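Visitor: I have a model to go through. Can we take it piece by piece?
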Amino acid sequence: MSQTKATLRLRAKEARALLSPQEIAAYSATIEEKLLGLLDGFTTVMIYVSKTPEAETMGLIAALNRRGVQVVVPIIERDTCSLRLSYLPDPSVLVPSTFNVPEPIGHELPARPGDVEAVVIPMLAFDAEGNRLGYGAGYYDRFLHRYPNPKKIGIAFSCQQAERIPADENDVKMDYVITEKEIIRYNGRGV
């Protein structure tokens, strides 16, 4: 990991940590509203299950389930540094798992990655070119290299935007980034 990426991760975490729980809830609700509009018409959507202090996704998951959308969540495979997928019709089965991420352990309904039309991805930081900085383990980049067809939608708070994120051939650019302030579409890659 480059020192620059480590520094950017630290800055983004510090900026996000300055947000109050009320701001996180309000900004997350605005992001959810924007996402619901963007995801209109999709039938199978993969969404990360948020943990504090990330942009909250439980409301989005519930709203998509109510719409009849097939919600898919990733399960972290630490041994293989990969993601396996499970449908999530009932968020009450989620339990803290790897990295304290809520996952449907013991209640998995295997999903095929090829069925996923859009992926909502957590970000620690992003830039004006659609580059994303995650937590550093590369789970999503590996998944998106293997399954490049879904729309890639990163969500974060506007305070997490960086001037420039160094990217290499392993980093996958977003089609969209959604913050509480805007929907950013990159290079015509979006819908």
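Guide: Helices (H or I, at least four residues) and strands (E, at least two) are DSSP runs, numbered from the N terminus. The model is predicted: local features need pLDDT of at least 70, side-chain atom pairs count only at pLDDT 80 or more, and totals for chains, interfaces and linings use all residues. Residues are numbered from 1 along each chain as its sequence is written, and side-chain values use heavy atoms, leaving out hydrogens and water.

Visitor: How do S1 and S2 pair, parallel or antiparallel?
Guide: S1 (residues 44-47) and S2 (residues 70-77) are parallel, over three bridges. Thr-44 is opposite Gln-70 of S2.

Visitor: Switching to the core. How many residues are in the largest one?
Guide: The largest nonpolar core has 53 residues, and Leu-35, Val-45 and Met-46 are among those with the most contacts inside it. Helix H2 (residues 21-38) gives the most to this core, with five residues. A nonpolar core is a set of buried Ala, Val, Leu, Ile, Met, Phe, Trp, Tyr and Cys residues joined through side-chain atoms within 4.5 Å. Buried means under 20% relative accessible area, exposed over 50%, partly exposed in between (1.4 Å probe, protein chains only).

Visitor: Now aromatics. How many pairs turn up?
Guide: Three in the whole structure. Rings of Phe, Tyr and Trp (its six-membered ring) pair if their centres lie within 6.5 Å; planes under 30 degrees apart count as stacked, over 60 as edge-to-face and the rest as tilted. Phe-99 and Tyr-139 are edge-to-face, at 6.3 Å centre to centre and 70° between the planes.

Visitor: Is Tyr-139 buried or exposed?
Guide: Tyr-139 is buried at 9% relative accessible area, whereas Phe-99 is partly exposed at 38%.

Note on methods: Pairing = 2+ DSSP bridges.
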